[in-house]
2 protein chains.
Amino acid sequence: MPFKFGSIEGVAKGDTFPSRKSLGESGVHAPIQAGIWGREKEGACSIVLSGGYENDIDDLDYIKYTGEGGLDSRKKLVRNQEFTRGNRALQLSFEYNLPVRVSRGYQIPNGPTEGYRYDGLYYVSFVERVRVDNGFFICRFHLQSEDSFADLEKKLLKTFKESYSITRRVATSISRIERNVALAEKIKDLYQNRCQVCGVHLKKPSGAISVGAHIRGLGKPHDGPDSIQNMMCLCPNHHAQFDAFTFYIEPNNFEIVGLEGYEGKKIKVSARHKIDRSFLNYHKGLCLDVIT
Amino acid sequence: MPFKFGSIEGVAKGDTFPSRKSLGESGVHAPIQAGIWGREKEGACSIVLSGGYENDIDDLDYIKYTGEGGLDSRKKLVRNQEFTRGNRALQLSFEYNLPVRVSRGYQIPNGPTEGYRYDGLYYVSFVERVRVDNGFFICRFHLQSEDSFADLEKKLLKTFKESYSITRRVATSISRIERNVALAEKIKDLYQNRCQVCGVHLKKPSGAISVGAHIRGLGKPHDGPDSIQNMMCLCPNHHAQFDAFTFYIEPNNFEIVGLEGYEGKKIKVSARHKIDRSFLNYHKGLCLDVIT
């Protein structure tokens, strides 16, 4: 099953699957055991709720979800959970605001009477690492549905208590989410989160903040490619100004043009980073065209 | 009809309406004449495509749309279009990434055979002001559907050429988009786009860049209110660091704690801005809780 974000073609919200295996074959959630389907450099595209953590909350539209790891063979927490593997993947889904498919198992109160039910797309609204009763730390994720509680209740619960005649919402792939998280992470690593324009390094409690910014925009009307040759590592401020066409980078010599305080200075470019000058030229053209 | 963003309860993608009046009564697009339903301080929630501009493009999933104004009684462009009224509203939809409902009229190739058809949610991907053949400027908006071309073709066009037996996708309100654009614009105005932490003023070709940031986050799990007492005007860098719990504002005296270079300094607070200290206290609590 391909690892992809968003809805799965042909799978409607409310569809049920008799087993984890069939849920996997549908493309919704490939791993047979793991609750999180994710990649450390790309994000998590799907989780399954099947109980087991007493502190979890499931309000249907809002979920408080414990990460993976730290359990012994009896499912008892005996080590700290870390932001690695699936937990790091879900953290990335938070940082990049990626949609996470949620499926519920028969084991939990809001689940189907049997098997597993696909319940639509959720977004991670908050990530924390907290100490639980026995003294170990867990990674905790808060997720919010893209649908309202009332709608979920109507579509997922009522229909299952009564009959199968739900109004089917055949899902579609989300065409908007095409950016490659791995590439953004790569360029941020390459510059160690330092802005190529101003060199600022913005700390956060775990690491630092920077943006893997596209020079020629993705999607219509710009149709720039999602490649490292079309990217820069910028701080959020200079990213916002670059995208608003406040300044441009001279393609020939990487000089900054139009940005107060940086006029005539050059951006820092790593020897391991080949920027395609034609993309800088495209962006420059738009800056020169802007009429205010 | 209430002015609201996102899908309309009970209206499915692909639904048709015999007239602009009935489209208005459905809640999709209230104005009977105007192509843009928007407010200058809140954004635009809906547009209708019904032809008339020769430079417009309609690729179904991608739309190049000319703004409003500048026409004489014969629909000839005789003045420049400005980013005011509906055009400013659509520009705000771009800046805040708000969903725009798109309906197509019978007048255009991709429209229904008669009446008006609701075609789902689009997002503004690019805004420009360009000079057209006769020398006047128009405001131009590029919009991209949340659905893929293939899906739209299947759902909207084919079904209408053949029969009415479409797979109905009953729309739901989007519960995620609840933030009040007017409030964000208000606080940005109040501080004239200067960051309350560092005082930076980030220019862009039309105006300046800042963020109307919430102190106690909206939605679950924080449940902060969308009110001016719960907001600050920040630059994108300090907004990102504030949201990542890098630093906090001491509720008693507005001192900055935890931010390199600003330790012990105070944020600027306008006499016309009453920050509710309990929200600062909530955010401070999260900062002190963060475990890395």
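View 1. For chain A as a whole, the mean pLDDT is 88, and 91% of the residues reach 70 or more. This is a predicted model, in which local features need pLDDT of at least 70 and side-chain atom pairs count only at pLDDT 80 or more, while totals for chains, interfaces and linings use all residues. Residues are numbered from 1 along each chain as its sequence is written, and chains are lettered from A and ligands numbered from 1 in the order in which they are written.

**View 2. The two domains of chain A.** The domain assignment, whose bounds come from an automatic or database source, gives domain 1 (16–162) and domain 2 (181–289) in chain A. Taken over C-alpha atoms, the centres of domain 1 and domain 2 of chain A are separated by 35 Å, and the C-alpha trace of chain A spans about 65 × 45 × 30 Å along its principal axes.

**View 3. The largest nonpolar core.** A nonpolar core is a set of buried Ala, Val, Leu, Ile, Met, Phe, Trp, Tyr and Cys residues joined through C-beta atoms within 7 Å, and a residue is buried if 20 or more other C-beta atoms lie within 10 Å of its own, exposed if 12 or fewer, and partly exposed in between, with C-beta atoms placed from the backbone. The largest such core has 55 residues, and those that touch the most other members are A:Ala44, A:Ile47, A:Val100, A:Val102, A:Leu143 and A:Leu234. At least three residues of this core come from each of domain 1 (16–162) and domain 2 (181–289) of chain A. Leaving aside neighbours within four places in sequence, A:Ile47 is in contact with A:Gly35, A:Ile36, A:Tyr65, A:Val100 and A:Val102.

**View 4. The surroundings of A:His238.** A:His238 lies in helix α5 (residues 236–243) of chain A, helices being DSSP runs of H or I with at least four residues, and strands runs of E with at least two, numbered from the N terminus. A:His238 counts as buried because it has 28 C-beta neighbours inside 10 Å. Beyond four places in sequence, A:His238 is in contact with A:Cys195, A:Val197 and A:Cys198; A:Cys195 is 43 residues from A:His238 in sequence, yet their C-alpha atoms are 8.0 Å apart in space.

How values were computed:
Contact = placed C-beta atoms within 7 Å. pLDDT = per-residue confidence, 0-100.
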